[in-house]
Amino acid sequence: MEKKMRFGIKSKIIIGYLIVIVCLFIAFIVLNSQISSLQTERNFIIDHDIEVHDLTNRIEKHLLDMETGQRGYIITGEASYLEPYNSAASGWEKDYNALYQLLNNNPNQQEKLEKIKGSIQDWIEAAGEPTIALKKENNTKELQQFFEKDPGRQYMDDIRSQFTSFRNVEKKLTETRATELDEKNQKIKIGLYGLLLFVTLISLAIAIVLSNSIVNTIKEVTQTIKRITASKGELKGRIKVRSNDEIKDLGIATNALLENIEERNWLQTNIAHAVTMYQGIASVDKLAEKFLFTVSEMTGASFGAFYVREENDKGDLFVKQAAFADRKGDAGRESFLIGEGLIGQAALEKRTLVINDVPDTYQLIASGLGDVKPKSIFIVPVLFEDEVIAVIELASLHEFTVLEQELISQVIETFGLTINGVIRRMEIARLLKESQAMTEELQAQSEELQTQSEELQMQSEELRMINEQLEERTKDAEEKSFELEAAKEDLEEKAHQLELNSQYKSEFLANMSHELRTPLNSILILSEMLEENAAKTLSEDEEEYARIIHSSGKDLLALINDILDLSKVESGKLDVLLAEMNMSELPDQIERNFSHVAEQKKVQLKINKAQDVPDIIHTDEKRFQQIVKNLLSNAFKFTESGSVTVSIQRVADHRLTTVMRTVDTDCWLEIAVADTGIGIPKEKHQLIFEAFQQADGATVRKYGGTGLGLSICSEFAKLLGGWISLSSEVGKGSTFTLYLPSLSNGLVDYEKVNFAYEEVAVSVEEAKPEAEITEIDHPVQPVEPSLQDDENVFQDKRVLIVDDDQRNIFALKTALAKQGMTIMTAHNGIECLEMMKNSEPFDLILMDIMMPQMDGYEAMQKIRGELKLVDLPIIALTAKAMKNDREKCLEAGASDYISKPLDLNQLFSVMRVWLVN
């Protein structure tokens, strides 16, 4: 049935006022519309007609100005008289167009305007322009002939008569519009009085209807309440109200109050009956049966089961004690554990469950004619001291009402105490029987204990003997403990010796590097100068010899650097600088560095980068680039034909191994370098990653190399948290794959991550020392100043070279002298200080570090401190590749730092910066 729309007293009154307001509003709109129409017509008369007259007068004025200017020019010949003529000639057409557009609703007037326009143009063509032209030509004779006839006067007379006729028509139109405006004003007055009468009648009608509606409804409610009062306590009667307003709400509220009172009476009566029915019952099963019968009768339930908690080895078990409408004992399961099924979950959560959407597989309710599916299930846990001691489940052919649910809930509140009392009484009776049986058993057990006492005496003797044996074994264990402690101290002493050996090895390599780099510095500088052959004194063969010497020196320098890197990795002193690296630029970098190698060897270079590779990763870019360059250099070295392919991709989640998942990283990258070269035998796969090892002797003889590249790559990969795997087949090529994590949260702790052999192809040593996150051996890369190409900043500059090696002094002095500099030399720090005190000021100092008597550190400190030369540029030169050399030089007072062997371009660039600044 369609719901009746609510229409309250307040709404009725508001709607009545709204109707009156709407009527007034409509009247106002109509009146305003009429007034607006009158205003529009009035404005049209004022604006339109005045504008028409104004434009007409302006056109006549322009025409008069043209005639006056024409005559003045013809009489005087002064060009100034042509200015009003020309101005009016351009202005009258503009005013004419505006007037013509203004009269677009009056074709007759527009037609007259067109005739006026034609007359004006005829005057200009016949009298205006020709006479001015004759005057300009100074043709007086023709001008006299023209004015004897004077055709222009006739044109002017016609134009004036046309304007007079035009204005007369406009005046008549204005009078007509004024008359129509007066008539409309009279009609509006009559309409206004009519609307006022109409609104008054509507308001009276609405007031009468609303008052009758409210008064009649109140009378009906009052009569109904009197009938209920006269019924002497009978609450069956109800108030009926036909209107849908506040009075109906009052009737509904009163009816709800009567129903609530009636339900409370029913609830209290049944609760009282339920509480009294289980008094005097001594067993749980009878109590359960009586409760189920009573509750089912009250609520109309058709099926039920009663479960009581019992304790066993599996925990709390709820066992069925009674059932209602049981069919051959199949009314529910016999028992359940807490949390098992809906009934077990209700016991676990200690809350009531009401299920109205019963599944088809639920237990059917049996009757004489068949089985019926229940419509509602009600599961109630019974609590005692906040513990569930029983659970009741009821099923009904109708949905349990809120009143029935409240009845059961209130009955259950005190029912837990009753169940517990019955259980306690039953437990006391059971314990009494058990105590009697136990008394008899204790008598028999006392005799057995006498026998066992004798046996215990014999066992105590045996235990004493065993205790003596244990004491002897304890003494032996203490002696072995002392032996283990001595072995531990011996191992610690050996570990200390190993640490010292590692330190001696690092010092030896550093000193050896210095001794090698010092002569190598002279070789590289002099060979580079010979190779340039600036004086053109060497033959082509001699230039080639110089190039070979320079190239060999660079190879030797690379070997020294590789040995130092490997030594630092093995000693745990190689520093790692984690920073953001742009992976999107990696393909371009590889292309720039190796495209010329590919072209030279006629090998195809392919670079594939997957779309899912992140643009930014966190790693040590310098070590990463060194790994990639070493792998690519090896690939090109051992590939005579075919291709070298670089594949960059992200390791998918499903491919992550257990080891990969233990590393704290954003993602794992896989960089594979595949070639079609000679390949590597499978038994040599692990060998090639060891220092100074290659696949076989033939490889060394044919391709050269030291066997350090892959060893360094493997160690660098470990420092960066990854590893390198190898897949190769002899004659078909090799694929080296670098697995690397993005270390946004810091370096990997190798003591916690165990890289298994089956997960990586290359063995990784366990428990590598953790690298320090610092940066060393980074010479300052100065920015080239902006200078003109023809400007030589080195000319006539005084430079002091401080070095104890005559070969370095000779090489540097020769190279710098060619740039136009004045060179002075000192062999140690003391000699340097004496020269600076006794000679003219120097523009720049090149300071070696390792020198006898006074080294470079002390000399720089004295220059800055004692001599107060804080602005003098000092460039530190050293061949000792030790950790923190650069920082020590800068702290001692160096302006910049360059490691030997020197690159002349780098040296000149740094010197140019400091000399200019």
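This report describes a predicted model of one protein chain, from its overall make-up to a few single residues.

## The chain as a whole

The chain has 917 residues, and 38% of them count as buried. It holds 20 helices and 20 strands. Its accessible surface comes to about 53,300 Å². Carbon and sulfur atoms account for 53% of that surface.

## A pair of helices

Helix α2 covers residues 82–102, and helix α3 covers residues 107–136. The two pack at an angle of about 165 degrees. Their axes lie 12 Å apart. Angles over 145 degrees count as roughly antiparallel, so α2 and α3 are roughly antiparallel to each other. Their crossing is left-handed.

Which residues of α2 meet α3? They are L82, Y85, W92, Y96, L99 and Y100.

## A buried serine in a strand

S396 lies in strand β8, which spans residues 387–396. Is S396 buried or exposed? Its relative accessibility is 0%. Buried means under 20%, so S396 counts as buried.

S396 has several neighbours beyond those up to four places away in sequence.

Most residues other than glycine have a negative phi. Two residues with a positive phi are described here.

K350 is not a glycine, yet its phi is positive, at about 55 degrees. K350 sits in the loop between α8 (341–349) and β4 (353–355). Its relative accessible area is 35%. That value falls between the cut-offs of 20% and 50%, so K350 is partly exposed.

D796 is not a glycine either, and its phi is positive, at about 65 degrees. D796 is found in the loop between β15 (733–741) and β16 (798–802). How much of D796 is accessible, in relative terms? The relative accessible area is 58%. Exposed means over 50%, so D796 counts as exposed.

Methods:
Residues numbered from 1 in each chain as written. Predicted model: local features only at pLDDT ≥ 70, side-chain atom pairs only at ≥ 80, totals over all residues. Heavy atoms only, no water. Helix = DSSP H or I, 4+ residues; strand = E, 2+ residues; numbered from the N terminus. Buried < 20%, exposed > 50% of the residue type's maximum accessible area, 1.4 Å probe, protein only. Axes fitted to C-alpha atoms, helices over the stretch in contact; angles between N-to-C directions. Parallel < 35°, antiparallel > 145°, perpendicular 65-115°, else oblique. Left-handed = near helix turned anticlockwise from the far one by under 90°. Contact = heavy atoms within 4.5 Å. Areas by Shrake-Rupley, 256 points an atom, 1.4 Å probe, with all protein chains shown as cover.
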